[in-house]
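Subject: Structure for you to look at

Dear colleague,

Here is the structure we talked about handing over. Please open it alongside this email.

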Amino acid sequence: MISYRGVSKKFGTIVALDDVSFEVDRGEFVFLTGPSGSGKTTVLKLVLRELRPDKGVLAVDGHDLAKISTSQLPIYRRALGVVFQDFKLLPERNVAENVALPLQVRGASQADIAKAVKQALEIVGLGERAGLFPAQLSGGELQRAAIARAIVGRPKVILADEPTGNLDPKTAKSIVKILLDIHKELKTTVVMATHNADIVNSLSLRVISLEGGKVIKDSPRGKYE
Amino acid sequence: MSSAYHQASQRMRRTPYQTLLALLVTTLAFFVAIVFFLDAAAAHKILRYFETRPQVNAFYKQDVVPKPQDVDLLRTKLEGTGLVESFKYVSKDDALRIYKDLNKNDPLLLEAVTANMLPASIEVSAKNPQDLKSIAEVLKSEPGIDDVRFAEDVVQSLLGWTRSVRTSRIVLAATQIFIAFIIILWVIGSRITNRREEISLLQLIGATPSYISWPFVVEGMLYGMVGSFIAWCMSYLVILYSTPFFAGFISEIPGLFPTVVFMLEVLGGAMCLGALVGALGGILAVRRYLKS
């Protein structure tokens, strides 16, 4: 599903990724771990085509991202769901309107949007909070709303960048459980960057460990390094 | 388009203070632009009035009394040129009446003059004072005409002045419209700056540039249209309240004060211009942001 082959990325003289290679299969759940500055976010930003690699080939679902034109980029990104550490919910929109955004940008009908938003909010357990605004939600609820927004368009891949970074341990576990449930039920590929050793160690899933922009370990049933 | 309008109006409703500030700024810019335009229109009317004042006076020979059909023929001939604003025949009797009116305080001058001593004449004013010379040439060639007079140097001087005044008014009004455009550009630009995160998010979830741009373009159009409408209402109120004051010393100029129809035309023009300037401001501001 995601194929990194010899990908390098520099920001000026700083090496963010150095000859990184790995494959993520369809329907896999992968943790990206490593200290701050190890390159986890860069890995996700390259998949999202927020950044372009300096070297190497990066392909998603068989498509070489270097060959995706500017006009095709929005279409490509619609196949991805993104969850951010800081939620990135729009403060002037209520929960349902925030969740509806990915479908609105696709030009879906109001009826389809209403149905899909209701389903997504039920999956994350926010069915009763649809009319509230972000300022009225707790941290865990904000992240659940962000996950609902990521899954509402039924993406092939969910990219989660430190989704538990701003949450207490209990809420963090509930958020990861939601992501795992989505992964199992919808067969969605999930790539989650995290610092949370407890969560990684408790699940025994594939872990790609990064340090200094290099993959230092890739274990099918890994632990936090 | 309806989705863009929905998004734009929702954004405006949900950030009422920003919207109010943006509307206030655009309204003031358009108010000044409309005032400058109305001032330019009034200046044009005043200049037209003074430009049509100079006349060509053609005097018949003293012993000639032109037949009415000859006068009508000459009127038709001159009006056929398309250059004539007004044509007036002054008979010997009319000339005497004018003479008596002018000298009513001097009985000695009145006693000595009879209608036969005064020549009949024709007074012609031009739509454009530059054409007075051509009209004078036509009149000179007419049989029975003794003398043709018009103040050529005064006309040239007047034309120079009116040209300067007209140009300065047009430049002022155009400058103000440009300033309104820059202000809308700034307003939309600052709205976009406030929505950087929203735009970034929309890009990441697969929104096309047009999906991102349209609500800002519509927002710019709404500011332009609503701002110009409020500005028009304000300027109309100013006109209604100031008319009695100005009427006291410039009442002799016909059609100087704008009619309802003219003001409605100004409203239509202002709203179209507002929408155009707003849309252009929105397009440029959002394109600059998306490029960066």
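Predicted model: local features only at pLDDT ≥ 70, side-chain atom pairs only at ≥ 80, totals over all residues.

Residues are numbered from 1 along each chain as its sequence is written, and chains are lettered from A and ligands numbered from 1 in the order in which they are written.

Chain B

Chain B contains ten helices and four strands; helices (H or I, at least four residues) and strands (E, at least two) are DSSP runs, numbered from the N terminus. Starting at the N terminus, the order of elements in chain B is α-α-β-α-β-α-α-β-α-β-α-α-α-α. Of the 292 residues in chain B, 30% are buried (20 or more other C-beta atoms within 10 Å of the residue's own, with C-beta atoms placed from the backbone). Among contacts in chain B with a separation of 6 or more, 86% join residues 24 or more positions apart; a contact means C-beta atoms, placed from the backbone, within 7 Å.

Contact between the chains

Chain B gives 13 residues to the contact and chain A gives twelve. On the chain B side, α1 (2-14) and α8 (196-204) are the elements that give two or more residues. The largest share, five residues, comes from α8(B). By class, the chain B side has six nonpolar, three polar and four charged residues. Here Ala, Val, Leu, Ile, Met, Phe, Trp, Tyr, Cys and Pro count as nonpolar, Asp, Glu, Lys and Arg as charged, and the others, Gly among them, as polar.

Helix packing in chain A

Helix α5 (residues 139-151) and helix α6 (residues 169-186) of chain A pack at about 15°, with axes 10 Å apart (axes are lines fitted to C-alpha atoms over the stretch in contact, and angles run from 0 to 180 degrees between N-to-C directions). That angle makes α5(A) roughly parallel to α6(A), a term for angles under 35 degrees. Residues in this contact include Ile147(A) and Ile151(A) of α5(A), and Ile175(A) and Ile178(A) of α6(A). The residues of this contact divide into six nonpolar, five polar and one charged.

The axes of helix α3 (residues 95-106) of chain A and α5(A) come within 7 Å and cross at roughly 30°. Therefore α3(A) is also roughly parallel to α5(A). The contact is made by Val95(A), Asn98(A), Val99(A), Leu101(A) and Pro102(A) of α3(A) with Ala145(A), Ala148(A) and Arg149(A) of α5(A).

Regards

Note on methods
Contact = placed C-beta atoms within 7 Å. Buried ≥ 20, exposed ≤ 12 C-beta atoms within 10 Å, placed from the backbone. Parallel < 35°, antiparallel > 145°, perpendicular 65-115°, else oblique.
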